[in-house]
Amino acid sequence: MNDFLELLVGATASGCVYALVALSYLLITRPTGVINFAVGEWSMLAAFGGFVLLSRLSLPYPVGMVLVLGGMFLIGWATERLTVRPLLEKGAPALAPILALLGMLVVFREVVSLGFGPDPQPVPPSFGFGRLELGLIAGSYQSFFIIAVTLSVFALTWYFFERTLAGKSFEAVAIDRRAAALMGINLRRVTSLAFAGSAVVAGLAGVLVSPNVSAHYLMGLPLAIQGFTALVIGGVGRVEGALLGGLILAFAEQFTVRYAPVPPGLAMGVPLVLLIVFLLLKPTGLLRAREARP
Amino acid sequence: MRQWIVLAIAALVLSAIGFALGAYQTDVYRKLLLWITLALGYNFLFGISGQVAFSHFTFYGIGAYAIVILLFQVGLPLPLAVLVGIALCVVLALIVAIPATRLEGFYLALATLAFAQLFIVVLNEGGAVTGAAGGLANYRLPDVFGMRVTGPWYTVVIVLLLLSTWTILWRLDRSYFGRACRAVRDDPEAARAMGVNVAHTKIIAYTVTSALAGMAGMVYAFVDNTVNPLIFGLENVFLLLFMVIVGGSGRHAGAVVGAVLLYLLPLVLSPLIGHHHALVFGVFMVVVVLFQPKGLIGLWDMLRKRGGRA
Amino acid sequence: MSAPLLVVRALSKSFGGLQAVADVDLDVYAGEILGVIGPNGAGKSTTFSMIAGALPPTSGTLMLDGESLLTLPTHAFARRGIMRTFQHNKPFVSMSLQDNVMVGMHTRLGGGLWRVLLNLGGAARTEQDAAHRANELIDFVGLGEWRDADVSSLSFGQGRLLEIARGLAAEPRLMLFDEPAAGLTPAECERLAVIIRQIAKRGIAVVLIEHDMRFLMALADRVVVLNFGRKIAQGTPAEVQRDAAVVSAYLGDVNVPDRNSMKAVGHA
């Protein structure tokens, strides 16, 4: 039973990481329709940022975290400005920004590989390697930290979209770009913010997950696939969908590894199979987008 | 008639080159020919038929593993193994095509990406059948009519593969089918109004190109005489996409240019940047998408037009 | 008079609770130009889409030359000889004008892929003939001068002509025009009317939905008027113009606005 509860915490933490990556996609996809293949690489960049600032330079955790996230904000903003905006403004076909971002994926990865080499690098967890016991539920400090941070981020994001004017303008752009522009919403600003915010969230995921898996230049793509699977399961229309999708995916993964009679290597196939199944059978995901309000 | 003459000459010239090269150069040349073959097929699927799929290289791998398994584990004689291998490639391509072509744009990309990853997972966990992470090695092409097909003679096989792939795709492109593929890519609703069966067109395009990739894989298996999961990983999947786009998506010549450039460039640049040629490709990709979406072939066309006017 | 080519009976379409088209009957004869008019929301587009095979009817029958069209998928309509144009021009932007028109011939050229691959039975010759025919059609609609232009550089009116050439490429028996005059200059409208008349003269049945009254009334042999999804009148343009129901629905007198019809329009 304890074993099960421990698995519960671990799976929830994993699910939260996937949820953050899914949210990262969602923040860009909804207002612009662009699917950013490079989110995984953003997570990786942040993980390496964490390595440099927290491991090598031994800065205090909060300071390092803020610096990394600040850096990610700039990277997200720069990515949009340099590789996406020219295409969107030129009226390039929808595929173009996606391909450009794919190119950026490779560039980011190779730059990191050039700079840090092929070996995994350690990133320290937020509160050290201890464990916390809350009654029946037990898990590592990091797991609880991840869960707490993710829930906060989602709460903030939900609040942003539902209750603030800026968030509403995002929604408007998501529903109809042209109409939003006609209503005076600054499309450029929304797009820049979307990318910047997305990079911050992706970066957060990277720093949170790397204590467990180490920062490694190849960590981006598997994370990107898991994040996208979570997005597809939960449904692109709603922020909560990303969280739901992430949790479902993580639980399916972990419980298959633990209890199903298949070799652990095959468990890596779980997100892939789930993704394919959902894309074929229920591509809109489990949660419907909210109906446009009159 | 003329077509046959041109093809025959091409076959002779390309094969002759194979006979003139030393051992290392032969390896580069063979792989170049295979990449061109793959790029041609992928260009048809991605560029002409407009299907954003990442499964092309996976079928290459399926073909490669299939022929090795059929020959050395199932123990079939070579001609039968080849026939069964081809049939397997076609059937598998069709089975994947039917659900895959129902997906649009990004969903297709993701589903095929997942499929590509799943293939690697299956290979890694395949135990003795697939040789797991180490793959299968230490085999060689069985004798054909008692003769060993090796060295430049095997290069001839690759040349024939390339030319057949070219011919098939060229003819398909220059027919009502090629136009139908482009129509479906440009505007499926209008295509339907013109009588094009959109679903069938996509399925045929996907199946033919994937099966061709599988057959190329069968030929590849005997180039290095080894197959392992690393070869068929995402690195090469992306490289194929980059080749087609940098060269010029939708144009056969573009596929050739892209394949030649992106395959040979790392060899030329390796003294400078070692293994990090992927960085250069990524940059090329971004530059091409931003500034010259028609690829290098598009650039060539533009320069020719300007030259004509001057 | 011979039997009608297209017979539509009790055609209806409802979307959820909304009845867009109810109980519409239509006959279209080979060689005639049938106009379909009605105020906004009358159900013209929906009816058109159903006849073109783009939208399945909720109920009713659609017969072309005695054969039912009801269960056919959209792409099968072209094979049966029904071709259409799109109101907002939908050309294939990556292809030349000639290739665009040749796509229209898809149902005539599909001889089988094996024939293509093995270059059998004069597949090359068929292509040549098709290209030749495409050029003839491009000339017929008046785009000969722009034959080598980029499709994206064509004006809206020229794009409309390309749509028509593409539709004719299939040698249809029934040609459907979706607001063909929309967005055209008066000179282009004139040219369009000439083309449509020539098409009908070839024995092709023509159905066009249109908002431009002057254009349609001058061109059509017969007119059907829809309102709120139902047919409220049919007849020659002159008969329909005089029909009280039509006048009160939305039509002012095309030639001379008189006080009564203006009042009716004002209250519409």
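Student: Before we start, what are the ground rules?
Tutor: Residues count from 1 along each chain as its sequence is written, while chains are lettered from A and ligands numbered from 1 in the order written. Since the model is predicted, local features need pLDDT of at least 70 and side-chain atom pairs count only at pLDDT 80 or more, though totals for chains, interfaces and linings use all residues.

Student: Which chains have the most contacts between them?
Tutor: Contact here means C-beta atoms, placed from the backbone, within 7 Å. Chains A and C share no contact, and their closest C-alpha atoms lie 12 Å apart. Of the two pairs of chains that touch, the one with the most contacts is A and B.

Student: And how many nonpolar residues are on the side of chain C that touches chain B?
Tutor: That contact takes 21 residues from chain B and 28 from chain C. Helices H2 (74-80), H3 (97-104), H4 (106-109), H5 (113-117) and H6 (123-140) of chain C each supply at least two residues of chain C's side; helices are DSSP runs of H or I, at least four residues, numbered from the N terminus. Ala, Val, Leu, Ile, Met, Phe, Trp, Tyr, Cys and Pro count as nonpolar, Asp, Glu, Lys and Arg as charged, and the others, Gly among them, as polar. Chain C's side has six charged, eight polar and, for your answer, 14 nonpolar residues.

Student: How do H5(A) and H8(A) run, roughly parallel or roughly antiparallel?
Tutor: Helix H5 (residues 141-163) and helix H8 (residues 187-213) of chain A pack at about 170°, with axes 10 Å apart. Axes are lines fitted to C-alpha atoms, for helices over the stretch in contact, and angles run from 0 to 180 degrees between N-to-C directions. Under 35 degrees counts as roughly parallel, over 145 as roughly antiparallel, 65 to 115 as roughly perpendicular, and the rest as oblique. So H5(A) and H8(A) are roughly antiparallel.

Student: Why is helix H8 of chain B largely enclosed by the rest of the structure?
Tutor: A residue is buried with 20 or more other C-beta atoms within 10 Å of its own, exposed with 12 or fewer, and partly exposed in between, with C-beta atoms placed from the backbone. The buried ones in H8(B) include B:Tyr176, B:Phe177 and B:Arg185. Helix H8 (residues 176-186) of chain B is largely enclosed because its buried residues number 10 of the 11.

Student: Is A:Gly71 exposed or partly exposed?
Tutor: A:Gly71 lies in helix H3 (residues 61-90) of chain A. With 17 other C-beta atoms within 10 Å, A:Gly71 is partly exposed.
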